[in-house]
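Please examine the model shown below together with its sequence. The paragraphs that follow treat the overall make-up of one chain, the confidence of its prediction, and two local arrangements in another chain.

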Amino acid sequence: MAKRPAHRPADVSPIEHDHDDAVEGDAPSDVPEAKLVADEAADPLRMVKLGGFAVALIAGWAFVILANKRHITAPVVFVCLAYFAILMTVVNLWRTGAAAANSHTVNDWARPIGARGQLLKEKKTLLKAIKEAEFDFAMGKLSKADSDSLIRDYRSRAIEVIKELDRGGERLTAKEEIAREVKARLSLDAQDKPSKRVKNEADKQAAKSAVKTAKTDAADAKASAKTDAADAKAAQKTANADERQDNADAKMNAGSVDRRAASAPDLQTVTREQEVKTTATGESS
Amino acid sequence: MNDQSVPFSPIAVVGTLALLAAFLTAAWAFAAGIAGNARKSRRLVNASVYGLYGFGALIGLASSLMIYAFVSHDFSLKYVAAASDTTMPTIYKVTAFWGGLDGSLLFWVLVLAIFSTIAIVVNAKRHRDMIGYVVATIMAVQLFFLSLLLFTKNPFATFLTTPPIDGQGLNPLLQNYWMVIHPPSLYTGFVAATIPFAFGIGALASGRLDDMWLGSVRVWMLICFGFLSLGLILGGRWAYEELGWGGYWAWDPVENAGLMPWFTATAFLHSAIIQEQRGTMKTWNLSLVVITFFLTVFGTFMTRSGAVQSVHAFGEDNVLALQFIVFMAVILIVSIGLLVYRSNKLTARTEFDSFYSREFAFLLNNWILLACAFFVLFATMFPTISEALNGERISVGPDFFNKWMTPLGLVLLFLAGAAPLLAWRKTTRERLISQFAFPAAAAAFTIVVVMIVWPQTKHLSPMFARQIKLPVSLINFGLVAFVAGSIGQEFWRGIVVRRRQTGADHFSSLVGLVLSKRRKYGGYIIHLGVALIFFGFAGKAYGTMYDRTVEKPGPAAANGTGPSSFGVGSFTGPFSTSDYYFAYENLFHTSDDHKDAITAQIGVYDAGERIATVYPAKWDFHKGDGQMTTEVAIRVRALEDVYVVLTGYDLDTSLANFRVYINPLILWVWTGFLVLAFGTLVCLIPQRVVDRMQWKPRTRLGRAADVGSLVVIVFAVTAGLASQARADAPSNAPAGAAAEHVPAGMGMGKAGGGWAAMNRPTNDTEARAMKEVMCPCGCARQSIHDCDCATAAQLRAKVQGLLAGTDLANDAARTKAYNSVLAAFTSEYGQKVLLTPKSDVSWLFPSLAAVGALGLLVVAGRRWVARAGKHPAAQPVAMTAAASALDDEYADKLDDELAETD
């Protein structure tokens with residue numbers, strides 16, 4: 001539970017009621033930070049304060065109007081506006097002082113805010129750009145080749161952006177990107193040479209005790225079941241890809257530009273890779 | 001207890017205290033914002049944000065008190081006594097708030113306080129890592145204007161001795177509905193430029209130079225563009241109706257002050273799209289934001305310091321001028337310093353795939369708009385510059401502006417039609433032909449038709465210098481047709497594609513198209529409005545002016561002829577064949593609490609048929625400075641305006657002098673603006689409104705109701721603007737009279753003299769010389785040919801005297817005679833008497849700048865295109881091993897998102 005002093009104005013922050021943002025920084029270590037932000041937004045006295053403000057405003061206006069014998073003239077209107085301005089001044093000057101004096105404000109500077117927002121914006125821009133390229137092609141401004149080229153580029157980038165968003169909106173550094181790529185390639189290489197790995201493991205297993213042999217058998221059985229599932233998944237993916245390719249062809253024949261058609265080389269490559277993987281896993285099993 | 005002789009005003013005390021408190025609050029918010037952002041202290045940033053809100057409330061208090069002082073006649077305040085009196089209608093008492101220099105500064109601060117509060121409320125969360133700097137920047141601007149208010153131009157200053165019983169009254173020229181709308185709209189446009197500037201500085205200071213800030217800034221720049229457009233067009237309308245010289249734009253420095261930031265704001269709205277689409281031009285966009293803001297401050301400096309002479313600028317004030325100069329220097333130093341400091345983060349390779357791409361058209365458009373802004377700046381300041389350099393003030397008349405701005409405007413008009421036809425990145429030759437075929441054919445067809453039907457349009461006008469002559473009107477009509485064809489084609493093809501995608505009918509497809517791509521199609525509507533405005537410009541070139549003196553009023557004959565009637569020479573303009581006669585029917589003198597009015601009643605006949613009764617007048621305000629105001633009467637027609645001015649009269653004999661202008665196509669200038677305003681509103685429709693329309697109503701009826709509501713709102717706003725473009729007929733006008741009698745106020749004419757009709761030119765050489773000599777009476781830089789004062793009449797006589805007996809038999813003789821007249825005037829009055837500067841600098845500088853800029857554009861463009869050739873567009877990164885494994889899944893995800901994107 002957030003530790004908030006009783007005297008602390010609950011609605012002190014004009015900024016931090018941002019529920020979807022994680023909070024980092026110099027907040028008290030024993031305070032769940034997200035909870036702290038939520039507490040600030042949910043000020044139990046908010047309605048009371050608003051009500052008090054409304055009462056003060058209406059009472060003041062009523063006084064001005066009654067003092068002028070209920071004749072609402074131009075001067076009366078501007079006196080009422082001046083009174084409203086006075087109330088707003090008092091409230092906001094109080095809040096600025098309170099905000100400056102509040103030592104418990106959660107500091108969220110450490111978090112790279114905006115990274116996710118920037119990615120969302122970029123994704124939105126890319127989605128619109130793809131639509132725009134399709135629209136331009138349909139209107140006759142772009143040739144098929146140019147349209148395909150544009151859409152392919154935009155799609156590739158959009159996929160990257162979506163991936164980054166799924167990772168939590170954190171952009172990888174170049175070093176991290178290389179490490180990730182190397183790791184992924186090693187993983188693929190490992191999948192490409194399963195028979196050798198299995199053979200080595202079998203040699204090792206043969207030198208071990210009967211108890212361990214039994215364990216190895218059990219492990220093999222598990223691996224076999226996993227491979228079967230992977231085969232089924234890969235086959236399903238290949239079928240899906242073929243189906244999409246068919247759909248793309250059908251759409252192309254219908255004369256409309258198709259996003260899948262635009263990225264057809266990618267699709268074919270992916271399909272080929274999946275076939276290789278399927279073969280490899282088949283060998284291993 | 002105050003002494004009875006010493007004025008005491010609680011309003012003045014509280015108002016001044018409010019300004020002082022606002023000053024302290026602004027200083028606090030400024031310091032807290034900078035410190036908070038620099039130290040990454042959220043509490044300080046929060047405090048600065050609340051400080052900004054508190055500042056707004058304090059300025060609201062001061063403004064309320066100021067207006068209260070006006071409406072309650074608190075003449076102990078000097079400003080109230082100077083700008084109002086007890087007899088003024090309440091609405092003018094309220095608008096007197098911004099009618100004078102002191103109040104206009106407070107109004108500026110108020111509008112900026114409102115805008116900044118809205119901007120911070122909307123963006124505080126989204127841009128919270130730069131919001132401290134944004135608040136600090138806004139507060140710095142507010143501190144400057146507040147310092148002017150507190151230390152130089154305090155509107156709450158009181159008299160030291162007994163205050164007057166009544167005020168002096170508002171300047172008569174400000175007592176009309178245009179002055180209710182025109183200045184605040186220009187101020188609002190100026191002030192709106194501060195918000196993008198603040199976000200730009202915030203982005204530079206915080207280092208957050210991605211595209212996030214651009215979205216927030218673009219909306220505010222669009223608001224700035226919209227209000228500047230409104231202010232400029234209302235200024236033109238005001239000049240047309242108030243000044244009585246038959247025109248709407250004379251390149252007056254005050255109007256130019258609003259035009260310069262309009263150019264740069266327009267440039268930004270285009271180049272921001274390039275950044276969004278291609279990720280380049282970050283430095284350029286930030287520079288445009290800074291320049292736009294700088295030009296708004298510079299414009300304010302021009303109009304309030306006396307640096308330039310204008311028909312409606314405030315008086316000369318050297319102290320104020322110095323303060324503005326220091327402030328402008330600070331703006332430039334801070335902005336350029338930050339741009340240099342962050343240059344490493346702003347570096348992005350600019351690459352264009354082809355010259356035939358939309359981004360290159362936008363770039364060209366940016367360069368020309370910037371060239372327009374700097375040319376107007378140069379020409380407006382040229383008299384001041386020349387005075388500073390050689391002690392002689394050289395005048396720059398409208399003709400000089402027109403020679404440069406007309407060709408630049410025509411290129412911009414072409415781009416307004418061409419850019420929408422181009423695709424991003426590149427347009428192939430076949431597509432280029434396919435896209436341009438129809439608009440080009442429309443342009444060619446129009447040119448041929450106009451040439452055949454109205455051969456006057458083949459007239460060649462000198463551009464840049466007298467040696468280069470072009471059929472400007474013909475080109476203008478052709479380009480208007482080109483833009484209309486281009487935009488029409490875009491809409492039609494868009495509707496066809498939309499129909500194919502959705503299966504909806506034509507109207508639904510049109511509405512869906514515009515709402516789903518509001519910025520694009522709203523922009524197209526704006527382009528169409530600009531084309532209509534240019535259509536109106538083309539007609540103005542064929543405007544004609546007639547001066548007549550009629551000795552006595554009397555009943556008109558059946559055919560509109562008779563001793564009290566005068567014709568305008570069977571007018572056969574290029575766009576109509578009207579045959580106007582004017583019957584002078586009455587001259588009457590009326591009086592009310594505010595003024596004496598001398599009004600003429602004129603019957604207007606076209607080809608023998610009475611089409612209107614108009615009432616040109618002269619008003620003499622009791623509280624004015626003795627200068628009478630001119631009340632023009634306008635009969636608006638689709639193809640031309642009939643514009644009648646009472647230039648002189650004699651109440652004893654009922655003799656009257658009239659000036660009649662026939663202004664072709666002028667209606668289309670105002671109509672074009674309404675279309676432009678409509679397009680701007682379309683661009684500003686928020687996404688949530690469209691979302692609501694798309695998702696909330698489940699029935700067709702509900703959706704239709706939503707669309708209907710939106711259309712009604714947009715049209716209501718547009719119609720509201722349109723209603724301001726029309727004036728009411730006078731209460732004493734006969735039933736059925738469709739004339740427009742507009743209140744005016746400049747007082748260009750002088751009563752009783754009838755000077756306008758005196759010494760009119762008798763040949764072309766006289767007319768040409770009279771049009772080149774500027775009238776020194778203090779009017780709006782009018783020539784002695786047009787000005788209706790006594791001085792102009794005397795100088796016209798002088799021209800006629802100089803040319804008397806001169807050989808005018810051939811061109812050479814006429815040119816020699818013309819030059820001798822100008823030489824005689826120059827030797828007597830100096831170079832400033834000429835409307836077109838003869839100084840080589842005035843021609844050389846813009847010429848070199850234009851050639852240099854063009855060369856730079858070509859070199860840079862070739863380099864950028866070549867760079868793109870060397871580095872083809874990034875190959876799909878999806879082919880990497882890590883990515884490929886998941887691509888299929890993400891492709892599905894992308895398709896899902898695309899399906900939901902309209």
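**Chain A: composition and confidence**

Chain A contains 10 helices and 0 strands. Read from the N terminus, its elements follow the order α-α-α-α-α-α-α-α-α-α. Of the 285 residues in chain A, 26% are buried.

The mean pLDDT of chain A is 64, and 40% of the residues reach at least 70. Confidence in this chain is highest in helix α3(A), residues 74–101, with a mean of 92, and lowest in helix α10(A), residues 264–284, with a mean of 40. Residues 1–12 of chain A have a pLDDT below 50, and this stretch makes 24 contacts in the model beyond near neighbours in sequence. The pLDDT is also below 50 over residues 16–40 of chain A, a stretch with 46 such contacts. Where pLDDT is low, the predicted coordinates should not be read in detail.

**A helix pair in chain B**

Two packed helices are described by the angle between their axes and the distance between the axes. In chain B, helix α2 (residues 42–71) packs with helix α5 (residues 101–123) at an angle of about 145°, and their axes are 9 Å apart. The crossing of α2(B) and α5(B) is left-handed. From α2(B), the residues making the contact include B:Val49, B:Leu52, B:Phe55, B:Gly56, B:Ile59 and B:Gly60. Classified by residue type, the contact between α2(B) and α5(B) comprises 13 nonpolar and 6 polar residues, with no charged residues.

Why is strand β8(B) described as largely enclosed by the rest of the structure? This strand spans residues 617–621 of chain B, and 4 of its 5 residues are buried, so the description follows from that count.

Two strands pair with β8(B). Strand β6(B), residues 595–606, pairs with β8(B) in the antiparallel sense over 5 bridges. Strand β9(B), residues 629–631, also pairs with β8(B) in the antiparallel sense, over 3 bridges. B:Lys618 of β8(B) can be followed into both pairings: B:Ile598 stands opposite this lysine, and in β9(B) its bridge partner is B:Thr630.

Conventions: Residues are numbered from 1 along each chain as its sequence is written. Chains are lettered from A and ligands numbered from 1 in the order in which they are written. This is a predicted model: local features need pLDDT of at least 70, side-chain atom pairs count only at pLDDT 80 or more; totals for chains, interfaces and linings use all residues. A residue is buried if 20 or more other C-beta atoms lie within 10 Å of its own, exposed if 12 or fewer, and partly exposed in between; C-beta atoms are placed from the backbone. Two strands pair if DSSP finds at least two bridges between them. Axes are lines fitted to C-alpha atoms, for helices over the stretch in contact, and angles run from 0 to 180 degrees between N-to-C directions. A crossing is left-handed if the near helix is turned anticlockwise from the far one by less than a right angle, and right-handed if clockwise. Two residues are in contact if their C-beta atoms, placed from the backbone, lie within 7 Å. Ala, Val, Leu, Ile, Met, Phe, Trp, Tyr, Cys and Pro count as nonpolar, Asp, Glu, Lys and Arg as charged, and the others, Gly among them, as polar. pLDDT is the predictor's confidence in each residue, from 0 to 100.
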